[in-house]
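Hi,

Here is the structure I promised to pass on to you.

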Amino acid sequence: MSLILPRRTLLAGTGAALLAAPRRSRAQANRTIRVGVLTDMSGPYRDPTGPGSLACTQQAAAEFMAANPGITVEVLQADHQNRADTGSTIARRWYDQDGVDMIVDVPTSSVALAVAGVTRDKDRVFVNSGAATTDLHGAQCNPNTVHWTYDTYMLARSTGGALTRAGGDSWYFITADYTFGHHLQRDTTRFVEEAGGKVLGGARYPFPSTTDFSSYLVQAQASRAKIVGLANAGADTVNAVKQAREFGLTRRAKLATLLMAIADVHGLGLENAQGLLLTESFYWDLNDRTRAFARRAMPRMPANLPIGMIHAGCYAGTLHYLKAVADLGVEQARRSGRAVVERMKAMPTDDDAFGAGSIRPDGRKLHPSYLFEVKSPQESRAPFDYYKLVQTTAAAEAFRPMTEGGCSLIRT
């Protein structure tokens, strides 16, 4: 894959050595920031993260360099294959050998937690967009990590709470058996029970090796729950929804897609996805600013792939990081990732993807979340015109209260 940016942009593949860069003077090197997009380029989360995350990070770099011609931004990418050991190995090599200053994206919660630990040890910066675990700004928070786009609390509060209040007072979960799935089921259970509902049971399936959900769907059907909660994401969610419709499960129960991205809706098609409720923190057609961002970024996106919230998070998180670097000074920023994150927290955030916002002391980025209903084919009027807005949760309420997270950075 070749990249086109106003200045040199570097691309590194999975497990491969960094591509050789043209020789630079010391002055040029001291004014260069390297951003690594560590993502899923080949697995179940490829479409909602992967090439789109890379494209939107490139867009942030291009916009920043246009506004700051004295600073060069080089963008690398690698595929962590949804393995914590692979992700941490790449992160360590990038920091130690390849001069990477910041890593962005990192879907799969177990990988993100591993990368956060390496980032803390190396005093660099990690801006998470793709992983959902609240531990990144809770029990395993650190002063070098910012948790940007969404998390399991946000998803559970919006989608799970809304469905229970609407009468879905009995639940059965089909859950990906790793950190993200466990946390999403845990957080959704909290909001179901707070709203007066009950969890009748659940089944965990091996991740990432499962494509046949028939046995889990049969168990869900036998539970007679009103709501079947899919505590998974990406291709797993797409496969589970398709198979649930084939089994006729949706005639007896409602599906709760607890993390469904617009790329998943696109993969399902509106015929299969219509009527589903889902929560996102970004939608390209939400307002004038999101539409303006989409117009700028779409030419970089892979063909026929919509911009989703994780892609937008890579753009916004990278742009805010680079603004903090410019404010702090490149040399100081390269010496201390912790100082950059402190500056990121001190500066208000503002971009066309998420609007105005802020970053809490525990590293949690604050912005509204949105509950959407997927349109029917007859309601859709244009490519990627997929959502109807049902409910908005204000930024101050969308995420877990800082006092409940157990982050060691918070003084009590």
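This is a predicted model: local features need pLDDT of at least 70, side-chain atom pairs count only at pLDDT 80 or more; totals for chains, interfaces and linings use all residues.

Let me begin with aromatic pairs: rings of Phe, Tyr and Trp (its six-membered ring) pair if their centres lie within 6.5 Å, and planes under 30 degrees apart count as stacked, over 60 as edge-to-face and the rest as tilted. A search of the whole structure finds 17 aromatic pairs by that rule.

Residues are numbered from 1 along each chain as its sequence is written, and side-chain values use heavy atoms, with hydrogens and water left out.

**Aromatic rings**

Tyr283 and Trp284 make an edge-to-face pair, 5.9 Å from centre to centre and with 65° between the planes. Both Tyr283 and Trp284 are buried. They also belong to one aromatic cluster, together with Tyr370, Phe372 and Tyr387.

**Cavities**

On a 1 Å grid over the protein atoms alone, a cavity is a set of points where a 1.4 Å probe fits but cannot get out, and lining residues have an atom within 4 Å of a point. Grid points are joined across faces, edges and corners, and a volume is the space filled by probe spheres set on the points.

How many cavities of 30 Å³ or more are there? The count comes to 3. The largest cavity holds about 130 Å³ of space. It is lined by 19 residues, and those closest to its centre are Tyr45, Gly130, Tyr150, Ala233 and Leu259. Sorted by class, the lining of the largest cavity has 13 nonpolar, 5 polar and 1 charged residues. Here Ala, Val, Leu, Ile, Met, Phe, Trp, Tyr, Cys and Pro count as nonpolar, Asp, Glu, Lys and Arg as charged, and the others, Gly among them, as polar.

The lining of the largest cavity also draws at least three residues from each of domain 1 (32-150 + 286-367) and domain 2 (153-280 + 370-393). Those bounds come from an automatic or database domain assignment.

**Backbone points to check**

Helices (H or I, at least four residues) and strands (E, at least two) are DSSP runs, numbered from the N terminus.

- The peptide bond from Phe207 to Pro208 is cis, with omega near 5°. Pro208 is in the loop between strand S7 (198-205) and helix H7 (214-223).
- Asn82 is not a glycine, yet has a positive phi of about 60°. Asn82 is found in the loop between S2 and helix H3 (84-96), and is buried at a relative accessible area of 10%.
- Arg224 has a positive phi of about 65°, again without being a glycine. Arg224 is in the loop between H7 and strand S8 (227-231), and counts as exposed at 74% relative accessibility.

**A few positions in strands and loops**

Leu76 is in strand S2 (residues 72-79) and counts as buried at 0% relative accessibility. The C-alpha atoms of Leu76 and Leu38 are separated by 8.4 Å, with the two residues 38 apart along the chain.

Ala231 lies in strand S8, and is also buried, with a relative accessible area of 0%.

Ala303, by contrast, lies in the loop between helix H11 (288-297) and helix H12 (309-328) and counts as exposed at 75% relative accessibility. Ala303 and Gly52 are 251 residues apart in sequence and 10.0 Å apart in space, C-alpha to C-alpha.

Best wishes

Terms used. On a 1 Å grid over the protein atoms alone, a cavity is a set of points where a 1.4 Å probe fits but cannot get out, and a pocket is an open set with protein on both sides within 12 Å along at least five of seven lines; lining residues have an atom within 4 Å of a point. Buried means under 20% relative accessible area, exposed over 50%, partly exposed in between (1.4 Å probe, protein chains only).
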